[in-house]
Amino acid sequence: MKKIQIITILFSLTLLSCQEKAKEEVSETITTVEDAVIIHEEYTKPEPTEPEGTEYYEPKVPVVGPATDGKIPSDAIVLFDGSSLDGWMHTQDSTAAKWHLNNDGSMTVADKTGNIRTKQEFGDIQLHIEWRSPLPVQREGQNRGNSGIFLDGIYEIQVLDNNDNDTYVNGQVGSIYKQGPPLAMASVPTGEWNVYDIIYHAPEFNQEGGKIKSATVTVLHNGVLIQDHTEIKGTTPYIGWPKNPPHGKGPLMLQDHGDDSRVSYRNIWVREL
Ligand code: MG
């Protein structure tokens, strides 16, 4: 009987020693919050019996000033605040952006000048952007207030005046163009400002250029979830299937649809993720 007790005590001591050693090793390898979560899950086995066994304090979470009362997050990169178009250029020839800079802090597509893109390039981002369909209403379907927000410069989230204006659902406002219709149509009346809040995770490619992980996108349209971590299957061409050219960081691009769709934009900022 005594022998069994001694063996049990020795076993318990060994187990405790192993757990302590594991904790020491773990603290050396934690470099990010993500690591901490994964490793923490490892060393909490067997299940703790005290609350402290499932609590950790490092690494600290960064403090970010909130986007309330018209402010932007303290770590956001402002891409357009109404003061200039200096951060933008035409995609086709890299010349200075020729879109109209308006007195109300917005910019508007200048007819047939072409798409514009940010000079800066990004990977995974949280993007805030506001857009407005033009008045008076002109034309039908895809030719009414058409523009678009191209993530990494090649994946279009559709901007369209869809109010009383039917079109193919995988090309309507809030769609991943020609791929994924939105979960809801949440536009404000034509001529008022819409808000898109977008979470984008870029695709990953191997060294040979093959895609190993698709991009994903989540979109809130005026606070309504319209894309829920949706897979982006590739580029978003007008004609043909999505393509998957390998790429690294890319710009944010805004579309001149080429049909005098005078869509306006304002308050554009990103947070790099
Ligand atoms: Mg478009």
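**Terms and their grounds**

Analyst: We may begin with a pair of strands: strand 7 and strand 8 run antiparallel and are joined by five bridges. The model is a predicted one.

User: What makes strand 2 and strand 8 edge strands?

Analyst: The open sheet has five strands in the order 2-5-14-7-8, with antiparallel pairing. Strand 2 (88–90) and strand 8 each pair on one side only, and they are the edge strands.

User: How do you know that strand 15 pairs with strand 1, strand 4 and strand 6?

Analyst: The criterion is again at least two bridges. Strand 1 and strand 15 are joined by three bridges, and three bridges also join strand 4 to strand 15. Strand 6 and strand 15 pair over seven bridges. Each of these pairings is antiparallel. In strand 15, isoleucine 268 is the bridge partner of phenylalanine 80, tyrosine 265 stands opposite methionine 107, and valine 270 stands opposite leucine 127.

User: Which residues of the largest nonpolar core touch the most other members?

Analyst: They are Tyr196, Tyr265 and Ile268, in a core of 38 residues. The elements that give two or more residues to this core include strand 1, strand 9 (193–201), strand 13 (224–232) and strand 15. Strand 6 gives the largest share, four residues.

User: What makes Asn146 and Gln255 donors to the magnesium ion?

Analyst: A donor here is an N, O or S atom within 2.8 Å of the metal. The ion is coordinated by Asn146 (OD1), Ser147 (O), Glu156 (OE), Gln158 (OE1) and Gln255 (OE1), at 2.2 to 2.3 Å; these distances fall within the 2.8 Å cut-off, and therefore the atoms count as donors. Asparagine 146 lies in the loop between strand 6 (125–132) and strand 7 (147–151), and glutamine 255 in the loop between strand 14 (253–254) and strand 15 (264–272), so that this pair, 109 residues apart, links distant parts of the chain. Both asparagine 146 and glutamine 255 are buried.

User: Why is the contact between arginine 132 and aspartate 104 called a salt bridge?

Analyst: The cut-off is 4 Å from a side-chain nitrogen of Lys or Arg to a carboxyl oxygen of Asp or Glu. For arginine 132 and aspartate 104 the N to O distance is 3.9 Å, so the pair falls within 4 Å and qualifies. Arginine 132 lies in strand 6 and aspartate 104 in the loop between strand 3 (100–101) and strand 4; the pair therefore ties together parts that are 28 residues apart in sequence.

User: How do you know that aspartate 111 and arginine 262 form a salt bridge?

Analyst: Their closest N and O atoms are 2.6 Å apart, which is within the 4 Å cut-off, so the term applies. Because aspartate 111 lies in the loop between strand 4 and strand 5 and arginine 262 in the loop between strand 14 and strand 15, this pair ties together parts 151 residues apart in sequence. The whole structure holds seven salt bridges.

User: Arginine 117 forms a salt bridge with glutamate 121. Is arginine 117 buried or exposed?

Analyst: Arginine 117 has a relative accessible area of 15%. Buried means under 20%, so arginine 117 is buried. Glutamate 121, at 38%, is partly exposed, because its value lies between 20% and 50%.

Note on methods:
Residues numbered from 1 in each chain as written. Predicted model: local features only at pLDDT ≥ 70, side-chain atom pairs only at ≥ 80, totals over all residues. Heavy atoms only, no water. Donors = N, O, S within 2.8 Å, 3.2 Å for Na, K, Ca; no water. Buried < 20%, exposed > 50% of the residue type's maximum accessible area, 1.4 Å probe, protein only. Core = buried A, V, L, I, M, F, W, Y, C linked by side-chain atoms within 4.5 Å.
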